[in-house]
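Dear colleague,

Please find below the structure that I am handing over to you, followed by an account of what was found in it.

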Amino acid sequence: MFIPEIPNNSLFDEINEIVYIAKKTEHQMFFEFNQPATDDELSDLENYFNTTFPESYKDFMHFSNGANIADEYIIFFNISEVKSLQIATFPDDYIIIGKIIGDGEVLCISKKDQQFIRLFEGEERRYINLKEFFKRPIKKIRINAEEIIGAF
């Protein structure tokens, strides 16, 4: 499994925990990480959407330009997917950056206030950054991993 270098940024602890679980469950759960996004690629994405992305999003993308976390529990789209996967029925303000659980729930960024939004069947849950967003999913992934391989 390819694991990029973990950058020392606002998401260091969260990324470190995800990588730790990925290593411990390598043959039982699927994780996939990509090469990090470059500053130029992120700047191009911001220009594409005519917005500035939140620092925590850029911090994650500096670790991995898209990712599959824990058997598709969370999918972060890579930059080219983010550009191509925008859905006309979504508010113009929302940029879809990933999906959660695989049941139709998506993770978006609001261009207006740069908050992260979990959107499922019209219901929204907002987060000020990815650090806040990751709290609950990381706990669930850890519990699932412990059920599979025991305490670690």
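**Ile69 and its surroundings**

Leaving aside neighbours within four places in sequence, Ile69 is in contact with Ile18, Phe30, Phe31, Phe60, Ile74, Phe76, Phe134 and Ile141, where contact means heavy atoms within 4.5 Å. Please note that this is a predicted model, in which local features need pLDDT of at least 70 and side-chain atom pairs count only at pLDDT 80 or more, while totals for chains, interfaces and linings use all residues. Residues are numbered from 1 along each chain as its sequence is written, and side-chain values use heavy atoms, with hydrogens and water left out.

Ile69 lies in strand S2, residues 67-69; helices (H or I, at least four residues) and strands (E, at least two) are DSSP runs, numbered from the N terminus. Ile69 has a relative accessibility of 0% and therefore counts as buried. The classes are buried for under 20% relative accessible area, exposed for over 50%, and partly exposed in between, with a 1.4 Å probe and protein chains only. From C-alpha to C-alpha, Ile69 and Asp59 are 16 Å apart in space and 10 residues apart in sequence.

**Helices H1 and H5**

Two packed helices are described by the angle between their axes and the distance between the axes. Here, the axes of helix H1 (residues 12-24) and helix H5 (residues 130-149) come within 10 Å and cross at roughly 15°. H1 is therefore roughly parallel to H5. Axes are lines fitted to C-alpha atoms, for helices over the stretch in contact, and angles run from 0 to 180 degrees between N-to-C directions. Angles under 35 degrees count as roughly parallel, over 145 as roughly antiparallel, 65 to 115 as roughly perpendicular and the rest as oblique.

The crossing of H1 and H5 is left-handed, meaning that the near helix is turned anticlockwise from the far one by less than a right angle; clockwise would be right-handed. On the H1 side, the contact is made by Glu14, Glu17, Ile18, Tyr20, Ile21 and Lys24. H5 contributes Lys131, Phe134, Ile138, Ile141, Arg142, Ala145 and Ile149. By class, the contact of H1 with H5 has eight nonpolar, no polar and five charged residues. In this scheme Ala, Val, Leu, Ile, Met, Phe, Trp, Tyr, Cys and Pro count as nonpolar, Asp, Glu, Lys and Arg as charged, and the others, Gly among them, as polar. Ile18 of H1 and Phe134 and Ile141 of H5 take part in this contact and also touch Ile69.

Ser110 counts as buried because its relative accessibility is 1%. Glu105 is also buried, with a relative accessible area of 8%.

Which side chain does the side chain of Ser110 meet in a polar contact? The partner is the side chain of Asp113, at 3.1 Å. A polar contact is a pair of N or O atoms within 3.5 Å; within protein, one must be able to donate a hydrogen and the other to accept it, and residues adjacent in sequence count only if both atoms are side-chain atoms. For Glu105, a polar contact of 2.6 Å joins its side chain to that of Arg118.

Not counting residues up to four places away in sequence, Ser110 touches Asp93, Gln115, Ile117 and Arg126.

**Positive phi in two loops**

Most residues other than glycine have a negative phi. Asp71, in the loop between S2 and strand S3 (74-76), has a positive phi near 55°. Asp71 is partly exposed, with a relative accessible area of 45%. Glu121 also has a positive phi, near 50°, and is found in the loop between strand S6 (116-120) and strand S7 (123-127). Glu121 is exposed, with a relative accessible area of 69%.

Glu41 lies in helix H2, residues 39-49, and is partly exposed at 32% relative accessible area. The side chain of Glu41 reaches the backbone nitrogen of Thr38 at 2.7 Å.

Arg125 is found in strand S7 and is partly exposed, with a relative accessible area of 39%. Beyond its neighbours within four places in sequence, Arg125 is in contact with Phe116, Ile117, Arg118 and Arg136.

With kind regards
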